[in-house]
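This report describes one metal site and a set of charged side-chain contacts. The structure is shown first, and the text follows.

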Amino acid sequence: MIRKNPNYSSRQYVVIGIFSIITTILLARLFYIQIISEDYKKDNTVRHTTLYPSRGRIIDRNGKVLVYNDAIYDLMVVPRAVKKIDTVSFCNLLNIDKDTYINELKKARRYSSFKPSVFISQLTKEEYGKIAAVLYKYPGFYFQIRSIRSYNYPIAAHTVGNIGEVSRQDLENDSYYSIGDFIGKSGIESYYEKELRGKKGVRLIVVDVHNREKESFMDGRYDTLPVAGKDIILGLDADLQQYGEYLMNNKSGSIVAIEPSTGEVLAMISAPTYNPTDLVGRKRSNSYQRLLDDSLRPLINRAVNGTYPPGSTFKTINALIGLQSKAVNTTTKYICNGPDSSPIKCTHYHHSPVGLIDGLENSCNPYFWNVYQDMLNSYRFKNVKQGYQFWYDLVLQFGLGTSFKTDIASNSPGNIPDTNYFNKLYRGVWNAMTVRSLSIGQGELLVTPLQLANMAAAIGNEGFYYPPHYIKRFEDGSMNDSIYHKVTIDIDKAYFKNVKEGMRNVFEGNRGTARFYRIDSITVAGKTGTAENPHGLDHSIIMAFAPIDNPRIAIAVIVENAGFGSSWAAPIASLMIEKYIKGYVTRPEIEERVVKFEDIK
Amino acid sequence: MGIKNIIGKIDWFLLLLYLALLAVGLVSIYAAAFNENHTDIYDLTQNYGKQLLFIGISLFTGFVILLIDAKFFNTFAYLFYGLSIFLLLFVLVSGTTIAGSKSWIQLGIFSFQPSELAKFTTALAVAHYLGKNDTDFSKIKTKLIASGLVLLPMSLVLLQGDAGSALVFLVFLLVFYREGMTGLILITGLVAIILFLLTIFFSKWYVIIGVSVITIAVSFIIGNLKKNILKIIGVYSLIVIFVLGVNFAFNNILKPHQRNRINVILGIEKDTKNIGYNLNQSLTAIGSGGLTGKGFLQGTMTRYKYVPEQHTDFIFCTIGEEGGFLGVTVVLLLYLAFFIRIIVLAERQRSVFSRIYGYGIVSILFFHFTVNIAMTIGLMPVIGIPLPFLSYGGSSLLIFSIMIFVFLKQDANRMNIL
Ligand SMILES: [Zn+2]
């Protein structure tokens, strides 16, 4: 045999060339996949398991734990890993019917057959205990532990706020969160979210395609431990808060108590309130809807967002500014003609003429109208508008007309009209007569209970206050309320002493509007008020502080549609003060009457 | 011929390349099928233990082949061919269905595919026919008979529903080309495939610009523009029309889901859920290997069964993940050296039978190599054919080994032919 067609032997180079080119193409593609492209780098065999930190607890000023964490258990399923099981006994174990089992499994499979989904969420510890013992019989199912909030005392719902699952907005704003995470939705939980939430940890686990965990990735080199959230200690006094909520039972309104020397909120009640436990876990969405639909609007925090005319309580401020303006002094007296007085009638019967102390004691409208008029028209000011500006600036120093920039989120500024407002309203032509309602705390004036309590604290302190706030400190000392600085009011201390004298008589004087609610061994100073309510019965108001010389508590109480301040707000304030200072209450008959709230008309 | 004689004449270079590929395969299967409870490579309960056994059987068979008279396979080529055709017909009637293809014969614990045997015997038959003294390949009749020898087993394999294996028989075109068939068909087909892929992967404009540049360059190299200008313009126009046509067909005629499928197959688009799940896992396994790879037994993707069929058809993933780009380069160059060595040996044969047989088996092996790796890295649709010498599997390894040893024997015997 001899070679045929030897002339074709050069074609071997073509064949070698083709082989080489194709091999080169394969290598080029591999170079692209392995070196250049980023698309194929992601190693999806490593499962990132989030380790949730425990959320910081919320603790009251005496160390009572208000809010802590409790474990709930989600039963998870990885559909692909589910084997043929005894569904009947499994359903009995879970206390579900077979349709539920099939539907849930279908739902999970629709999401992903090899990623875990929640099969039954938020099981209790007892249910968990029962199921976990035999769960090994049912491959594909496992438990995931999450923590939810629990409440030792079902109080201060508005203050502590609540947590819920993150919204789409939250997810966009902060990359820390992933779907299903909890976030503070309101109150302390929301304001101190970053401190309370702690820091999530992560564990990287190599898993096989059946979702079975094999080993920790790179010996745990990239794992991080969760950092627990910080415990926060509030200025709140749980006992006082609880007592206040008890007193406000079946009423609408608010109580705010502040420690004058620090600005810490001792109690903040908004009535009607709700049980914070209702907004936890599986019942959250139902409860939330029910509270939203409630015509009494329990979700609104009246203590910081309810605005009311301060009524006669505001006379204290007008007295102070009048004195500071030098238009009047402690000896200045005005004639009161009782109900016949003009332009504002007096609602009380008393001797005439009256000075500062008895003007406050009797809440004499004509006295304060005259003070206000003489101040605005004082020769020290070029005109009424300048006088008004003087008054306005000092009113604002009491924390009125603006919101407090503290951890009391979105507290309302209320309303103190400025000169521009009246210039616009009256086209530049106005005088003391035009704005006379302001002299007795009516007209355009609006304050929140929080502002009113702060006002009491400022007067009790004789000219300064700390912006009211919830926090005392974080347990680890990382933050405390020293970030809130003392605010001093430009009114002489002596005038505060004068006004306090008048406020003492409100409780201690023979004709004082709150004289029935004196407390043995505690000298209380205060001022009652009645806020005119165009929509119905007037609101009953008081602001007070005690003891008068070194006040430990300043308080504001507003009971909506309850008439005179002396009838409802005053006894509540009195009981609260006694409860806080003594720790107990000596007047059960008053307490009983307040709680019943019957003879209202 | 004695053993001593064989040892002196055998081509040790090719044999060593063959053994090196077997070793790479065994190591890869060990890594892919690694079981912590059975780390012993001899463990016959594990796939690597079995593969080691298959290697032993293959080497023993090869040794026996080296002892058989060299003329044996040439002489009985038609007999073997006839036997495999009979077996192909037999499985059509009463074969065992495995993985959707009715192409297996079960012999005790050993199952094998006649189609694999047919690749070998067809190479023998074609070589035998064209190697006869009175055969003249320039005749149409010869070409038809040679093609018939190929088309018969190919059709039977296709009837079994094994399209991948049927395609293998097309590689005999390469053999025919070497023996004098016009190269135009081969080149046209090759160019068309390359242009098709380039058009889908890149913008049509890049391809047209590239083609234009090459055309201008070729024109200058050829020279004598006046004479060739019409041909050049003609070919250039055809290419441009083809590119635009492919582009148009792909973007306008195909329905979106069809386009997606092709996109995913080609790796242009990612679809981690459905169509391309397996392919994506395979690409991710290889891609995550990077330059140097994760190291032996460190390939988490392949070890934890992310890649389907990873010890058989997708064995290349393990090499990509654990060996990285450097690893795959070494393996690909090993293969290329192996193929080129076979061609070089084929060319030095005095016997036409030996030469054609050499080209036959190198074409078959190269086709498996290309299609298997191309599908693993998303350059081709997933066709289930093994990577020669590397994929797990007894019957394919045995047949591929027999092919090589028969060729080694022919080569060792080449000086005995006048
Ligand atoms: Zn009067």
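## Metal site and salt bridges

The four donor atoms around the zinc ion subtend angles of 101 to 124°, so the arrangement is tetrahedral. The model is a predicted one. The donors are SG of C336(A), SG of C346(A), NE2 of H350(A) and SG of C364(A), at 1.9 to 2.4 Å from the zinc ion. Along the chain they follow the spacing C-x9-C-x3-H-x13-C. C346(A) has a relative accessible area of 4% and is buried; H350(A), at 16%, is buried as well.

Over all chains, the salt bridges number 29. The table lists some of them.

| Pair | N to O distance |
|---|---|
| R57(A) and E475(A) | 4.0 Å |
| D170(A) and K185(A) | 3.7 Å |
| R197(A) and D174(A) | 3.3 Å |

R57(A) and E475(A) form a salt bridge. R57(A) sits in the loop between strand 1 (46-51) and strand 2 (58-59) of chain A, and E475(A) in the loop between strand 14 (471-474) and strand 15 (487-488), so the pair ties together parts 418 residues apart in sequence. R57(A) is partly exposed at 31% relative accessibility, and E475(A) is partly exposed at 41%.

D170(A) pairs with K185(A) in another salt bridge. D170(A) belongs to helix 6 (residues 168-173) of chain A, while K185(A) lies in the loop between strand 7 (182-184) and helix 7 (187-191). D170(A) is buried at 18% relative accessibility, whereas K185(A) is partly exposed at 35%.

In the pair of R197(A) and D174(A), the partners are 23 residues apart. R197(A) is buried, with a relative accessible area of 13%, and D174(A) is buried at 18%.

Notes:
Residues are numbered from 1 along each chain as its sequence is written. Chains are lettered from A and ligands numbered from 1 in the order in which they are written. This is a predicted model: local features need pLDDT of at least 70, side-chain atom pairs count only at pLDDT 80 or more; totals for chains, interfaces and linings use all residues. Side-chain values use heavy atoms; hydrogens and water are left out. Donors are N, O and S atoms within 2.8 Å of the metal (3.2 Å for Na, K and Ca); water is not among the atoms, so sites may look incomplete. Four donors count as tetrahedral if all angles lie between 85 and 135 degrees; four count as square planar and six as octahedral if opposite donors are over 155 degrees apart and all others between 65 and 115; anything else is irregular. Buried means under 20% relative accessible area, exposed over 50%, partly exposed in between (1.4 Å probe, protein chains only). A salt bridge is a side-chain nitrogen of Lys or Arg within 4 Å of a carboxyl oxygen of Asp or Glu. Helices (H or I, at least four residues) and strands (E, at least two) are DSSP runs, numbered from the N terminus.
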